[in-house]
Amino acid sequence: MFDFDYTFHWRPALRALPDMMAGAWVTVETAVLSMIFGVLIALVLTAMRQMRNPMLRGFSDAWVSIARNTPSLFQIYMLYFGLGSFGLHTSSWIALLAGITFNNAGYLAENFRGGLKAIPETQIRAARSLGMSAFQAYRLIVVPQLLRIVFYPLTNQMVWAVLMTSLGVIVGLNNDLTGVTQDYNVKTFRTFEFFALAAVIYYAIAKAIVLAARLMAWRLFRY
């Protein structure tokens, strides 16, 4: 027989809301930094995959394959505990940031590769025939079109990066949203109330990112 006798106490969770919002700010900062580094690394990986050097292509292919085919949890775990086994100790936040960046770069590099294939090679040839160098052709012709093609996948990856920051709790991070929530949960044993409130905050952040992306897309790509 199902017996639901749980009594909700929302007041402790609401009192903790300022601390949880401070943790949410750390979550957003971590996600933004991971996206910035991830995009830069992904562009490099994409360029390496276009080169004829087998070592560079092999390195970039291996990065993408590992990032896309292993759990994000394992990647962060190995960066924190795995490297620690060899005497390379790092903070929980650095391990989380590096893990999410590694994952972002792998997924984004594949998105960029698909975006490049959508741009006709004749545009690069035309740019070169006008006297542009290869770097100028990519910077002025290819990259602006590429960013437009992958804009929405970038938005999805940003939301995913925000959600992935919750994995920091497994390596002892306690100042992001999930870490702060878990600390209060341990102190009060009000699991449902605190994590329900945290889920609402994560949901609001994700929806805010999507809304901001739509506004940016309307502003940048309306012509």
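**View 1. Helix α4 is kinked by about 40 degrees, with the kink centred on M78.** The bend at a residue is taken as the angle between axes fitted to the seven residues ending there and the seven starting there, and helices are DSSP runs (H or I, at least four residues) numbered from the N terminus. This is a predicted model, in which local features need pLDDT of at least 70 and side-chain atom pairs count only at pLDDT 80 or more, whereas totals for chains, interfaces and linings use all residues. Residues are numbered from 1 along each chain as its sequence is written, and side-chain values use heavy atoms, with hydrogens and water left out. After α4 comes G87, which has a positive phi near 85 degrees.

**View 2. The buried residues of α4 are S72, Q75, I76, G82 and G84.** Buried means under 20% relative accessible area, and exposed means over 50%, with partly exposed in between (1.4 Å probe, protein chains only). These buried residues pack against α3 (54–69), α5 (92–117) and α8 (151–164).

**View 3. V162 is among the residues with the most contacts inside the largest nonpolar core, which has 43 residues.** Such a core is a set of buried Ala, Val, Leu, Ile, Met, Phe, Trp, Tyr and Cys residues joined through side-chain atoms within 4.5 Å. Leaving aside neighbours within four places in sequence, V162 is in contact (heavy atoms within 4.5 Å) with T27, A31, Y202, I205 and I209.

**View 4. F189 lies in the loop between α9 (177–188) and α10 (191–220).** F189 has a positive phi of about 60 degrees although it is not a glycine, and its relative accessible area of 66% makes F189 exposed.

Notes. Helix = DSSP H or I, 4+ residues; strand = E, 2+ residues; numbered from the N terminus.
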